[in-house]
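This report walks through a two-chain model.

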Amino acid sequence: MTSKEKIFRAITSASGQSHSPDKVDFTTRPRDNHSNFQKSNEDIIHRYMNAVERSGGKAFRFISLDEMLSWVKEFIKKDQCSRIYVSLDETLCRLAESISKFAKENDVEIKLHKDELLTESQRVELRKYLEVTDISLTKGLAGFADTGAVAIYSQAGEARAATLLPTTHICILNKENIYHDMDTALPVLEKLMIEKNPSAITFICGPSRTADIEKVLVTGVHGPKNFILCII
Amino acid sequence: MTVQKTDTPLRPENFFKLVEGRIHNIQLRRNLKRATSTSLLKRSEVVADFENWEEMRTEAYEIKKQVIDHLSDYLEEFENNATKNGITVHYAVDAVEARNLVLDICERCHAKTVVKAKSMVSEEIDLRHALEKIGIETIETDLGEYIVQLANEIPSHITAPALHKSREEIGELFSEQLHIPFTSEPEKLTQVARNVLRKKFLDAEVGISGVNFAVAKTGSICIVENEGNARLSTTMPRVHIALMGIEKLLPDLNALSLFLKLLARSATGQRMTSYTSLINGPRRETEPDGPDEMHVVIIDNGRTRMLSAEKLREALYCIRCGACMNVCPVYQKIGGHSYGSIYSGPIGSVLTPIFNGIDKAKHLPYASSLCGACSEICPVKIDIHHMLLWLRKRVVERKGSKLFERVIFRCWMLAMRSKPLYEFSSKLLRWFSPIMVTKNESMRIPVWSKTRDFPPLASQSFREMWFRNKTNK
């Protein structure tokens, strides 16, 4: 008997002693989501930004892509960093040239990651680059106003390590993609799973943190120390 | 004040000795009080987000009940979908088999270094020692677990493994083991750990993680964390092995969304942890990074025993949040190590007798005042304190209690059944108490008083006061 068979046998003989009702599909039961958030009249974007700040991240709102670009440039200058990474999705593609020029002028090394298939050696090179990157700039899929979290997913054109290894992670999100909570965004997530089947979907809520030493909060343990969300 | 290290081995059989060694430790009790009260305060703040928290608990209970009642169906569904996603699914009946499965995978990919994210089940099967025995460097990457590993101890709490250590103790530990100048600042100590562990993440061939939830419908696993070490352990190495108990399943993403709301709030008082990873499989061909190989090991190791005991079945619903530990008045005084088991506190006192055998852990169901705070706080509505009571019955049935105790309880039962006998006994106790009173006026009872204070007896019983007042009117 295989181990699976042994375990299933044990489960069946255990269940045989109790009478299990038929399976219920819980998804068809309406979930009563009367959380206090939804009752508030606060604008959802405002609520989301507060939630991001509350979770230890920083949130900024920009009217246009250009406005955001000038803020990013200023941030890079202030940070005095030496290496940045930009994941080029359709939105960030438009910034590619301008930010590239800015980086060259300010002596900052830049890696623009296009949506394309990489060879083994290119992947190794990318990883080595990310090990010493200071700031990464990527695009988010969806935001949840109740927690201040943002959903990202693994894809060509964005390394998983890009939102893990650098000291600062800046995530861009379209304001239309902000939802009340994960429940409301479930159809989007399910669609993503079916259409793209990414290896990982990650929900990021603030910077890396720990309170393992005397319950004192410290940020930037293993992941990014700074998490910044830019809404456009 | 440094913690006095007792030489008593950490085993549930040694409960009384372990408690004795810790109950008088003021520093430990201060650490515990601070940590548990902070967690509880933060928890109540975020639970207040929901008017319908009780309904959420009920729904969670019903979802878990359904999963456990139809466990083979859900396991089969998970296995099929996970396999379609490129995950290799293994089953292990017991700890030996689970360890061997992991060792085989590690040997096959010539692993020299393994990075480990937090996994209670990996402690249960004692995986780390098995890997180290065959010469594989195994690093705990969760900061608390890393500290505990350096100190060669076991974790004392489910979500805060180094809860029992002060910053000075950790500073000394780092200074000794990592050869750095002494500092006790949490920020600096964390930075040291970050630098040391970063290198390990990048060099390791294999990453091992636990599983918070396994989603049957999508064949994915979900890992919840704050530090980023689980993401790093499951992204950087070429091979990822995830370990899970058979009971970790949820039906679909809808259920996952509910459980994520309950877990972080109950465990650390956060609305959401910094990182929640929903991992569907190894790296896709078009993706630039991620593990090339992913395994999930589904472990029984005594869980089917819990299934067959009707009264204990609910213990399988546990999502390992640790809330019951934080609120338990006993845990708050004695800490996790006193239980001598990796599963401590109220739920640990149910799980340990099942995993280790009721005879070895017979003291644990008694490490409770039966106040029921654990059952009230449990996000999945597990009736923990009634399980502890039931386990006590089993211990007595197996003649696990002392004769002296049985005699005392028989006397107590007789006194409680008879009003004159009860009144006489209480008067007798108060007449004789001056013999047993010490300087600070608390009563000394042989053996019992070694780890407990008995408050001084009042001069009148409540009944006497009541009748005296009545007649005075």
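This is a predicted model: local features need pLDDT of at least 70, side-chain atom pairs count only at pLDDT 80 or more; totals for chains, interfaces and linings use all residues.

Residues are numbered from 1 along each chain as its sequence is written, chains are lettered from A and ligands numbered from 1 in the order in which they are written, and side-chain values use heavy atoms, with hydrogens and water left out.

**The interface**

Chain A brings 81 residues to the contact, and chain B brings 101 residues. Contact here means heavy atoms within 4.5 Å. About 7,900 Å² is buried between chain A and chain B, and carbon and sulfur atoms give 54% of this area. Buried area is the accessible area (1.4 Å probe) that two parts lose on being put together, summed over both.

The salt-bridge rule asks for a side-chain nitrogen of Lys or Arg within 4 Å of a carboxyl oxygen of Asp or Glu. It finds 6 salt bridges across the interface of chain A and chain B. One of them joins A:Lys225 to B:Glu187, with the closest N and O atoms 3.1 Å apart.

Which elements of chain A give two or more residues to the side that touches chain B? They are helices H1 (3–15), H2 (36–39), H7 (120–131) and H8 (182–195), with strands S6 (149–153), S9 (200–204) and S10 (209–210). H1(A) gives the most, with 9 residues. Helices (H or I, at least four residues) and strands (E, at least two) are DSSP runs, numbered from the N terminus. The residues on this side of chain A divide into 34 nonpolar, 24 polar and 23 charged. Ala, Val, Leu, Ile, Met, Phe, Trp, Tyr, Cys and Pro count as nonpolar, Asp, Glu, Lys and Arg as charged, and the others, Gly among them, as polar.

An open sheet of 8 strands runs in the order S8(A)-S5(A)-S6(A)-S9(A)-S9(B)-S6(B)-S5(B)-S8(B), with mixed pairing. S8 (178–179) of chain A and S8 (249–250) of chain B stand at the edges; each has a single partner strand, so one side of each is left without a neighbour in the sheet. S9(A) and S9(B), residues 275–279, pair in the antiparallel sense over 5 bridges. Two strands count as paired if DSSP finds at least two bridges between them. Within this pairing, A:Phe203 has B:Thr276 as its bridge partner, and A:Ile204 has B:Tyr275.

**Inside chain A**

Chain A has 8 helices and 12 strands. Of its 232 residues, 56% count as buried. Buried means under 20% relative accessible area, exposed over 50%, partly exposed in between (1.4 Å probe, protein chains only).

Strand S7(A), residues 168–173, has 6 of its 6 residues buried. A:Thr168, A:Ile170 and A:Ile172 point one way, while A:His169, A:Cys171 and A:Leu173 point the other way. S7(A) pairs in the parallel sense with S4(A), residues 135–139, over 5 bridges. It also runs parallel to S12(A), residues 226–231, joined by 6 bridges. A:Ile172 stands opposite A:Lys139, and A:Thr168 stands opposite A:Asn226.

**Charged pairs**

Over all chains, the count comes to 37 salt bridges. Three are listed here.

| Pair | Closest N to O distance |
|---|---|
| B:Glu76 and A:Lys4 | 2.8 Å |
| B:Glu247 and B:Arg303 | 3.0 Å |

B:Glu76 is partly exposed at 29% relative accessibility, and A:Lys4 is partly exposed at 22%. B:Asp69 is buried, with a relative accessible area of 8%, and B:Arg313 is buried at 6%. B:Glu247 is buried at 2%, and B:Arg303 is buried at 2%. Salt bridges that share partners also join B:Lys116, B:Arg128, B:Glu132 and B:Glu140 into one network.
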